[in-house]
Amino acid sequence: MSQKPVRVRIAPSPTGEPHVGTAYIALFNRAFARSHGGKFVLRIEDTDQARSTRESELSIYASLRWLGLTWDEGPDVGGPFGPYRQSERTATYQEYGKKLLESGRAYRCFCTAERLAELRKKQMAEKSSRLGYDGFCRGVAAAESKKRAEAGEVHVVRLLVPDPGETSFRDAIRQDVVTTKNGEIDDQILLKSDGFPTYHLANVVDDHLMEITHVIRAEEWIPSTPKHVLLYQAFGWEPPVFAHMPLLRNADKSKISKRKNPVSLRWYRAAGYLPPALLNFLALMGGGPKEGDVEIFGVDALETGFEIEKIKTTQPVFDLAKLEWMNGQYVQHLSPEAFADALADRARAAAEYLRPLLVHLGQRVKRTSEFDRWTETFFLTSLDYDAALLVPKKGPDKARTLDLLNKVKKLLKDLEGPTAASMEAAAREVAEKDGQPPEVLFMTLRVAVTGQTTSMPLFESMEMMGRDVAVA
């Protein structure tokens with residue numbers, strides 16, 4: 001283990017709903033920091049300027065604080081290694097990208113998007129064992145490269161992967177060395193043509209400058225770690241300890257996704273789950289404390305004497321039935337005062353979560369107590385209804401109805417940035433091509449998506465729950 005003061009971090013991207021996986025990784029990072037008297041850092045990785053939003057960033061803060069997963073340093077609380085937002089560190093990344101160019105550990109690539117598309121097409125047609133950049137611009141002399149760049153020719157900066165050779169790192173959770181042949185590692189883009197860094201460069205530079213000692217992150221980053229190790233070597237820096245957490249899985253062992261499980265932390269709060277219960281459940285996903293086989297325990301138990309080696313490597317199944325049971329254990333032990341507070345928090349969270357629909361709800365109810373009746377469907381994890389309701393009495397038969405639903409599903413999957421209007425247009429297109437009154441198909445869709453024959457506006461509801469959930 002590193003002898004430096006422990007410093008760990010989480011680095012979410014503010015590009016959507018705050019993810020339950022972020023809380024899972026944050027929980028174990030924070031537990032490790034607390035058990036070793038270290039610091040837990042929150043860094044916002046917002047280099048994807050097209051998708052990053054301030055609203056999403058604020059939701060990350062609010063959701064983690066709701067769970068009690070507070071941090072020692074971050075964009076909103078400051079600290080000695082700021083700024084903690086990557087969009088505010090662009091000049092730093094460009095400086096370090098320049099150093100790599102000067103040392104010969106990176107090079108400028110002038111290949112056009114068209115050439116890269118043709119290259120990939122050719123590799124796939126030839127069923128190449130290695131898809132990726134072919135190093136075409138490696139041979140451009142440094143002087144010529146600099147001249148072309150100064151003349152304004154569009155380019156990116158790529159990592160020069162040494163080949164032949166291999167790159168290794170030790171995973172602290174698996175207690176094993178992972179080795180990759182350098183010939184299998186792409187010359188990764190480090191700086192994009194707009195001067196913004198990619199994840200790989202920003203991640204390594206920030207972890208080094210912020211003195212991160214242990215990188216505890218999801219196992220989906222294992223394939224990227226050799227690239228990061230090569231960057232540490234290129235800069236002459238000591239890498240941190242790497243530890244890759246097992247991914248949260250659906251029952252079928254696929255990676256947890258909103259098509260099979262709710263993933264938004266805002267959803268869990270709005271649905272009435274208690275922070276201690278959700279944290280307890282997530283702690284079990286990673287192994288939990290090793291004091292016997294207890295399942296109900298506080299986060300304090302996890303943060304006492306916690307070591308990375310305690311994290312289990314088996315694929316944890318995110319079992320909502322188990323979480324429901326666990327939440328019940330916590331609810332049943334609430335005092336009347338705490339129960340009242342929990343109810344009030346749930347009401348506020350649910351109203352905020354469904355804010356886009358409140359204008360429609362206000363036109364349907366006479367008392368605010370009717371809120372749950374109209375919005376319950378947004379907090380169900382499965383629908384239970386009579387399948388006969390899918391087939392309209394004065395409409396297409398079963399086989400044709402099924403065909404129409406499948407056609408709508410296909411169109412919905414193909415939509416870019418689906419909205420209520422675009423989803424309605426897709427469904428209307430299917431109905432009209434089949435010669436059906438759109439309203440007939442819309443009723444079938446209403447049942448399929450909400451489980452009810454009366455609901456909030458159909459397509460606004462679909463936009464609220466998200467295309468993936470609506471399709472599922």
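How many of the 16 residues of H1 are buried? In the predicted model, 13 of the 16 residues of H1 are buried, so this helix is largely enclosed by the rest of the structure. The dimensions of H1 agree with its residue count: at 1.5 Å a residue, the 16 residues of the helix, residues 20–35, should span 22 Å, and the end C-alpha atoms are 23 Å apart. H1 is followed by Gly37, a residue with a positive phi, near 65°.

S8 pairs with strand S9, residues 241–245, in the parallel sense, and the pairing extends over five bridges. Within this arrangement, Val215 stands opposite Phe242 in S9.

A helix pair was examined next. Two packed helices are described by the angle between their axes and the distance between the axes. For helix H17 (residues 438–450) and helix H18 (residues 458–465), the axes come within 10 Å and cross at roughly 35°. The crossing of H17 and H18 is left-handed. H17 contributes Phe442, Leu445, Arg446 and Val449 to the contact, while H18 contributes Leu458, Phe459, Met462 and Met465. By residue class, the contact of H17 with H18 consists of seven nonpolar residues and one charged residue, with no polar residues.

Note on methods. Residues are numbered from 1 along each chain as its sequence is written. This is a predicted model: local features need pLDDT of at least 70, side-chain atom pairs count only at pLDDT 80 or more; totals for chains, interfaces and linings use all residues. Side-chain values use heavy atoms; hydrogens and water are left out. Helices (H or I, at least four residues) and strands (E, at least two) are DSSP runs, numbered from the N terminus. The expected span of a helix is 1.5 Å times one less than its number of residues. Buried means under 20% relative accessible area, exposed over 50%, partly exposed in between (1.4 Å probe, protein chains only). Axes are lines fitted to C-alpha atoms, for helices over the stretch in contact, and angles run from 0 to 180 degrees between N-to-C directions. A crossing is left-handed if the near helix is turned anticlockwise from the far one by less than a right angle, and right-handed if clockwise. Contact means heavy atoms within 4.5 Å. Ala, Val, Leu, Ile, Met, Phe, Trp, Tyr, Cys and Pro count as nonpolar, Asp, Glu, Lys and Arg as charged, and the others, Gly among them, as polar. Two strands pair if DSSP finds at least two bridges between them.
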